[in-house]
Amino acid sequence: MTAKGQRVHRGSIRTATVVAALLVTAGCTGKGDANPPATSRTSAPVISQPAATPTPSTKISVPASMSPAETKAVGNAIEAYKQWVAAYDVLRRSGGKNVKPLQEFATQTTLASGQQAAALYATKGWHSIGSIEIREVRIERVSMAIDLDKDVLPEVALATCVDASNVDVLDPGGSSVITTRERVYTEQVWVRYFPPAKFPQVGRGANHWLVGQNRNQQVEEC
């Protein structure tokens, strides 16, 4: 996916703290994620006021030809990603109190980043309103290779575009803590299959497909 109108965020220290809490993921790697990319850069969705018009439905683009196994993998990967984004909405709306939904769809490393965001919300007394909208999902790569001895797992790479314009974050007094109004970002997401017998410590995901890592970038539009 080609990012249009890429911009660099130069907010205040206060805004940077808010931005860190609004990350849909942390873009980190760790022992729980098999074969992550060598490098990962993260930015954050910065929230604007609710849009005046309804958000369009998600556009999904898949390769023209896939095997039945690949088709099933892609369906599970997209569902895991959708549920993972929704779980972050639950975490933020609860003021950091409800991390349980995220536990089902995130690997240990991405769960750790969610727990950090939850702790920040709880400490600050923040909570969010509204929901992240997934505008686009494109399948970039599908690999069904598996070798547990070498930590090689089936993987689907997604390119997505997300709109956070219907989300705001409020302090204990009900005032918005968002000071910058950019709202759209793209993500490169890796979703992997974790056999439950080998990885009993992770959640069930979508038929054991979980979001293991991502990197995101702020843009002007999808």
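Buried means under 20% relative accessible area. Aspartate 89 has a relative accessible area of 4%, so it is buried. The model is a predicted one.

**Around aspartate 89**

Aspartate 89 sits in helix H2, which covers residues 68–93. What does aspartate 89 contact, leaving aside neighbours within four places in sequence? The partners are Ser128, Gly130, Ser131 and Ile132. One polar atom of the aspartate 89 side chain lies 3.0 Å from the backbone nitrogen of isoleucine 132. That pair falls within the 3.5 Å limit for a polar contact.

**Helix H4**

Helix H4 runs over residues 108–124 and has 17 residues. Does its length match expectation, or depart from it? At 1.5 Å a residue, H4 should span 24 Å. The C-alpha atoms at its ends are 24 Å apart, so the two values agree.

Several H4 residues are buried: Thr109, Thr110, Leu111, Ser113, Gly114, Ala117, Ala118 and Tyr121. An α-helix has 3.6 residues a turn, so residues three or four places apart point the same way. After H4 comes glycine 125. Its phi is positive, near 75 degrees.

**Aromatic pairs**

The structure holds 5 aromatic pairs. Two of them are tabulated here.

| Pair | Centre to centre | Angle between planes | Geometry |
|---|---|---|---|
| Tyrosine 121 and tryptophan 126 | 5.7 Å | 85 degrees | edge-to-face |
| Phenylalanine 194 and phenylalanine 199 | 5.0 Å | 80 degrees | edge-to-face |

Tyrosine 121 and tryptophan 126 are both buried. Phenylalanine 194 and phenylalanine 199 are buried too. Elsewhere, ring pairs join Tyr81, Trp84 and Tyr88 into a cluster.

**The sheet**

An open sheet is formed by 5 strands. Their order is E1-E3-E4-E6-E7, and the pairing is mixed. Which strands stand at the edges? They are E1 (59–61) and E7 (209–219). Each has a single partner strand, so one side of each is left without a neighbour in the sheet. From one strand to the next, the twist averages 15 degrees.

How many bridges join E6 to E7? There are 10, and the two strands run antiparallel. Strand E6 covers residues 184–193. Tyrosine 185 stands opposite glutamine 218, which belongs to E7.

Methods. Residues numbered from 1 in each chain as written. Predicted model: local features only at pLDDT ≥ 70, side-chain atom pairs only at ≥ 80, totals over all residues. Heavy atoms only, no water. Helix = DSSP H or I, 4+ residues; strand = E, 2+ residues; numbered from the N terminus. Expected span 1.5 Å × (residues − 1). Buried < 20%, exposed > 50% of the residue type's maximum accessible area, 1.4 Å probe, protein only. Polar contact = N/O pair within 3.5 Å; in protein donor to acceptor, adjacent residues only side chain to side chain. Contact = heavy atoms within 4.5 Å. Phe/Tyr/Trp six-rings, centres within 6.5 Å; stacked < 30°, edge-to-face > 60°. Pairing = 2+ DSSP bridges. Axes fitted to C-alpha atoms, helices over the stretch in contact; angles between N-to-C directions.
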